[in-house]
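Thanks for asking me to look this one over.

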Amino acid sequence: MRSSRRFLLLTAIMCSAFAQTWQVQYSGTKASLRGVSAANARVAWASGAEGTVLRTIDCGATWRALKVPGAETLDFRGIRAFSASVAIVMSSGEGATSAIYRTMDGGRTWNLLLRNPDAKGFFDGIAFWDRRNGLILGDPVGGSFVILKTTDGGVTWARQKLPASLAGEGAFAASNSSLVLHGNREAWFGTGGIGGARVFHSADAGITWTVAATPIRNDAAGAGIFSLAFSDAVNGIAVGGDYTHPRDHKNNVANTRNRGAKWSVPLSSPAGYRSAAAFDVTRRRWIVTGPSGSESSSDGANTWRQFDSAAYNSLAIVPGKGGWAVGPKGRIAVLHWH
């Protein structure tokens with residue numbers, strides 16, 4: 001009883017205070033988790049392998065498992081939470097195993113919105129500007145990356161025209177953050193693979209795109225950009241590395257000061273491959289995470305300080321309130337500012 005009270009007290013503190021440590025929560029699953037999205041400081045959704053979808057409405061004191069009928073074998077790599085009732089989840093896999101589902105009633109029922117129509121296609125990320133307007137990123141099909149756009153909340157999707165992809169270039173579905181949106185029109189996505197590590201940018205809600213090279217490593221199939229994050233429409237970072245060498249910090253971070261047109265190497269780098277990045281606009285702090293730990297930066301992503309060594313795959317920040325990270329074997333943690 002005493003330990004239960006202590007856990008609930010810590011949870012209450014984490015919902016209201018500010019600090020910088022991960023506090024592990026009980027998820028109730030051993031599935032690998034790669035998707036997490038926070039609707040607000042109390043409500044978050046997470047997703048992962050074996051059709052796993054989780055939701056909390058009490059800051060993570062309890063996480064409830066939700067069943068998506070017929071999706072028990074899917075790998076839900078991405079999720080977007082709009083409220084305690086509404087969320088969209090994306091599975092990643094070849095062909096029809098990439099799919100989009102939506103719930104409007106807190107996960108009691110789900111509607112299949114889309115199955116990947118391309119037999120060799122692969123969904124890497126999903127993001128929304130608002131409840132109606134969003135994008136899906138997929139690996140190249142027919143010589144270019146797949147960007148599908150919706151303007152009706154995911155009911156219908158239309159493929160957009162993009163510049164040609166390079167041979168061997170692809171995107172990574174490691175954290176649902178290789179695709180990132182800002183404001184109501186800006187969009188970026190990062191690539192990997194030999195010759196990749198490029199950033200595509202759209203300033204008109206995904207209709208037209210430009211491409212820029214970055215100094216992120218691109219010397220192997222498992223190397224490149226795994227995550228992008230922007231503090232505003234101008235300033236952003238790209239993180240990644242080589243996931244087969246999780247402690248190698250060679251060329252694993254870059255920043256931009258001009259909407260992603262040019263990228264440069266900061267003064268220092270995180271301590272290894274990093275799969276997810278985010279920015280807390282209230283605290284003016286960058287946070288990155290990966291299998292060998294988490295770092296933060298408060299000086300424009302120029303220098304980094306490691307604050308945790310546990311493995312995480314993805315993160316979601318609630319500005320000024322904290323956020324969550326998810327990882328292997330069902331690991332979930334809340335970001336505690338103090």
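1. In this predicted model, the largest pocket holds about 990 Å³ of space. Here a pocket is an open set of points on a 1 Å grid over the protein atoms alone, where a 1.4 Å probe fits, with protein on both sides within 12 Å along at least five of seven lines; lining residues have an atom within 4 Å of a point. Volume is the space filled by probe spheres set on the points, which are joined across faces, edges and corners.

2. This largest pocket is lined by 37 residues, and Arg80, Val180, Leu181, Ala316 and Ile317 lie closest to its centre. Strand β25 gives the largest share of that lining, 5 residues; strands are DSSP runs of E, at least two residues, numbered from the N terminus. By class, the lining has 25 nonpolar, 11 polar and 1 charged (Ala, Val, Leu, Ile, Met, Phe, Trp, Tyr, Cys and Pro are nonpolar; Asp, Glu, Lys and Arg charged; the others, Gly among them, polar).

3. The second largest pocket has a volume of about 340 Å³. Its lining comprises 12 nonpolar, 4 polar and 5 charged residues.

4. On housekeeping, residues are numbered from 1 along each chain as its sequence is written, and side-chain values use heavy atoms, with hydrogens and water left out. Local features need pLDDT of at least 70 and side-chain atom pairs 80 or more, while totals for chains, interfaces and linings use all residues.

5. Finally, both Trp45 and Trp110 are buried (under 20% relative accessible area, 1.4 Å probe, protein chains only).

Notes:
Buried means under 20% relative accessible area, exposed over 50%, partly exposed in between (1.4 Å probe, protein chains only). Helices (H or I, at least four residues) and strands (E, at least two) are DSSP runs, numbered from the N terminus.
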